[in-house]
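User: I would like to learn how to read the features of a model like this one. Please take them one at a time, with the general idea before the case.

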Amino acid sequence: GVPRRPVNIFKYDAAKNGIGAGVVHFMNIFIALQFAGREDPCPWYFVQILFDATVVVFANFIVLRLLERRIMAIWGIEIS
């Protein structure tokens, strides 16, 4: 089929997602090392990944819904 977006846009999106995942990965490693001190940082890394995949995703969902409602109210958009 026909691509929904140009190939260059797809490449930029893929690169943005890859860079974002890399930044989060290294941030989680850094934080795990800080929490662990002289102990094994792997459990802290696991806790952070679990937290990111549950609590943070849910919080993002709630914030997105609140922003959507606010923006739709400002612009007078109604969805039936």
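User: Is Glu 68 buried, partly exposed or exposed?

Analyst: Relative accessible area decides this: buried means under 20%, exposed over 50%, and partly exposed in between, with a 1.4 Å probe and protein chains only. Glu 68 has a relative accessible area of 31%, so Glu 68 is partly exposed. This is a predicted model, in which local features need pLDDT of at least 70, side-chain atom pairs count only at pLDDT 80 or more, and totals for chains, interfaces and linings use all residues. Residues are numbered from 1 along each chain as its sequence is written, and side-chain values use heavy atoms, with hydrogens and water left out.

User: Which side chain does Glu 68 meet in a salt bridge?

Analyst: A salt bridge is a side-chain nitrogen of Lys or Arg within 4 Å of a carboxyl oxygen of Asp or Glu. Here the partner of Glu 68 is Arg 65, at 2.6 Å from N to O. Arg 65 counts as partly exposed because its relative accessibility is 38%.

User: Why are Glu 68 and Arg 65 separated by about one helical turn?

Analyst: Helices are DSSP runs of H or I with at least four residues, strands are runs of E with at least two, and both are numbered from the N terminus. Glu 68 and Arg 65 are 3 residues apart in helix α2, so about one helical turn separates them.

User: How many salt bridges does a search of the whole structure find?

Analyst: The search finds 2 salt bridges. Arg 5 and Asp 13 also meet through their side chains in a salt bridge, at 2.1 Å from N to O. Arg 5 is partly exposed because its relative accessible area is 41%, and Asp 13 counts as partly exposed because its value is 25%.

User: What joins the side chains of Gln 48 and Asn 28?

Analyst: A polar contact is a pair of N or O atoms within 3.5 Å; within protein, one must be able to donate a hydrogen and the other to accept it, and residues adjacent in sequence count only if both atoms are side-chain atoms. The side chains of Gln 48 and Asn 28 are joined by such a contact of 2.9 Å. Gln 48 lies in helix α2, while Asn 28 is in helix α1, residues 7-36.

User: Why do Gln 48 and Asn 28 each count as buried?

Analyst: Gln 48 is buried because its relative accessible area is 10%. Asn 28 is buried because its relative accessible area is 5%.

User: What does Gln 48 touch, leaving aside neighbours within four places in sequence?

Analyst: Contact means heavy atoms within 4.5 Å. With those neighbours left aside, Gln 48 is in contact with Met 27, Asn 28, Ile 31 and Ala 32. Under the exclusion of residues up to four places away in sequence, Asn 28 touches Tyr 45, Gln 48, Ile 49 and Asp 52.

User: How many aromatic pairs does the structure hold?

Analyst: Rings of Phe, Tyr and Trp (its six-membered ring) pair if their centres lie within 6.5 Å; planes under 30 degrees apart count as stacked, over 60 as edge-to-face and the rest as tilted. The structure holds 1 aromatic pair. Phe 35 and Trp 44 form this edge-to-face pair, at 5.0 Å centre to centre with 70° between the planes. Trp 44 is partly exposed because its relative accessible area is 37%.

User: Which residues form a nonpolar patch on the surface?

Analyst: Patches are made of residues with over 30% relative accessible area and no salt bridge; like charges are joined within 9 Å, and nonpolar side chains (Val, Leu, Ile, Met, Phe, Trp, Tyr) within 5 Å. Accessible areas come from the Shrake-Rupley method with a 1.4 Å probe, and for residues only the protein chains shown count as cover. The patch is formed by Val 63, Leu 67, Ile 71, Ile 74, Trp 75, Ile 77 and Ile 79, with about 790 Å² of accessible area together. Ile 77 is in the segment after α2 (42-75), and counts as partly exposed because its relative accessibility is 46%.

User: Where is Met 72 found, and what is Met 72 in contact with?

Analyst: Met 72 is in helix α2. Apart from its neighbours within four places in sequence, Met 72 is in contact with Ile 77 and Ile 79. Met 72 counts as partly exposed because its relative accessibility is 25%.
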